[in-house]
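Subject: Structure handover

Hello,

Here is the structure I promised to pass on. Please open it next to this message as you read.

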Amino acid sequence: MTKDANPARAAGGGEDGRGAPVGRRVVLGMLAAGTAGVAAAPFLQRAYDETLGAAAQKDPTGLSGLLPAGGGFRYYSVTGSVPDKDARTYRLTVDGLVRHRTSYRLDDLRRMPQTRLVRDVQCVTGWRVPGTPFEGVRLSALLDAAGVRPEAKAVRFTCFDGAYSESLTLAQARRDDVLVALRMQDKPLAHAHGGPVRLYVAPMYFYKSAKWLSGITVTDHVAPGYWENLGYDVDAWVGRSNGRDDAPTT
């Protein structure tokens, strides 16, 4: 309100400030509608996210990725569709130059010690989502459990969309701010955001955080990932790569 702070008067009350009964009813109705809107907002946002996410994963043009999603995120997929995985069907394999090849179910990962990080998410295309919580198992813990061989130099990541891949050096993969993430924004990772499990590399541009993670392979060299083969930098530090000067996310 500007000069007139009396809600009854602003809603059509008389000049004496008492206000007509209809004015009070209008104001009370507006307040009730506002309260209902606030209460319904999370459900409406979730429905919007799920609808847009489903459409994006069946959109071969990629144009749906231009639309804003929950909290400023965009949905990207490099395939026409991505299968759903759940606790019954999901598996994550750790193999390559390791002493113990391992396969994890979703429940196995949930039982492991979890780390929660809150960082900005920065996309190389320019959008940024501040203060986004991610939670999951440190990648270094999975590498230690597998027993990395001395000749190992890098880690390659593959995804159950059947197309996407990424890589990190072994030193990058062992950072404390690199997670095999199971939760985002304090709820289980949705399929549209790469669930049930995705990689999260906090200090790098978001294309390094591979969605729909299914394989972790320890190798003797860095293999360029999907977007690096199309010209993006292999070392994707936010603000220090890809010709961009964004503020760091850590």
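Below are notes on salt bridges, a lysine and a cavity.

Please keep in mind that this is a predicted model.

Salt bridges

The search of the whole structure turned up 13 salt bridges.

Asp186 pairs with Arg116, and their closest N and O atoms are 3.0 Å apart. This pair links distant parts of the chain, 70 residues apart. Asp186 sits in the loop between β7 (178-184) and β8 (187-188), while Arg116 belongs to strand β3 (residues 115-122). Asp186 is partly exposed, at 42% relative accessible area. Arg116 is partly exposed too, at 45%.

Arg183 pairs with Glu135, with 3.8 Å between the closest N and O atoms. Here strand β7, which holds Arg183, is linked to strand β4 (residues 128-138), which holds Glu135. The two residues are 48 apart in the chain. Arg183 counts as partly exposed, with 29% relative accessibility.

Asp176 forms a salt bridge with Arg138, the closest N and O atoms lying 4.0 Å apart. Asp176 is in the loop between α5 (170-173) and β7 and Arg138 is in strand β4, so this pair ties together parts 38 residues apart in sequence. Arg138 is partly exposed, with a relative accessible area of 31%.

There is also a network: salt bridges with shared partners join Arg105, Asp108 and Arg111.

A buried lysine

Have a look at Lys211, in the loop between β9 (198-201) and β10 (213-219). Lys211 is buried yet has no salt bridge. How far away is the nearest side chain of opposite charge? That side chain is Asp161, at 8.3 Å. What the side chain of Lys211 does reach is the backbone oxygen of Ala192, at 3.3 Å.

The cavity

The search of the whole structure found one cavity of 30 Å³ or more. The volume of the largest cavity is about 30 Å³. Which residues line the largest cavity? They are Asp120, Val121, Gln122, Tyr200, Val201, Ala202, Met204, Phe206 and Ser209. β3 and β9 each supply at least two residues of this lining. β3 gives the most, with three. By type, the lining divides into six nonpolar residues, two polar and one charged.

Best wishes

Conventions:
Residues numbered from 1 in each chain as written. Predicted model: local features only at pLDDT ≥ 70, side-chain atom pairs only at ≥ 80, totals over all residues. Heavy atoms only, no water. Helix = DSSP H or I, 4+ residues; strand = E, 2+ residues; numbered from the N terminus. Buried < 20%, exposed > 50% of the residue type's maximum accessible area, 1.4 Å probe, protein only. Lys, Arg positive; Asp, Glu negative; His and termini not counted. Polar contact = N/O pair within 3.5 Å; in protein donor to acceptor, adjacent residues only side chain to side chain. 1 Å grid on protein atoms, 1.4 Å probe; cavity = no way out; pocket = protein on both sides within 12 Å on 5 of 7 lines; lining within 4 Å. Points joined across faces, edges and corners; volume = space filled by probe spheres on them. Nonpolar A, V, L, I, M, F, W, Y, C, P; charged D, E, K, R; others polar.
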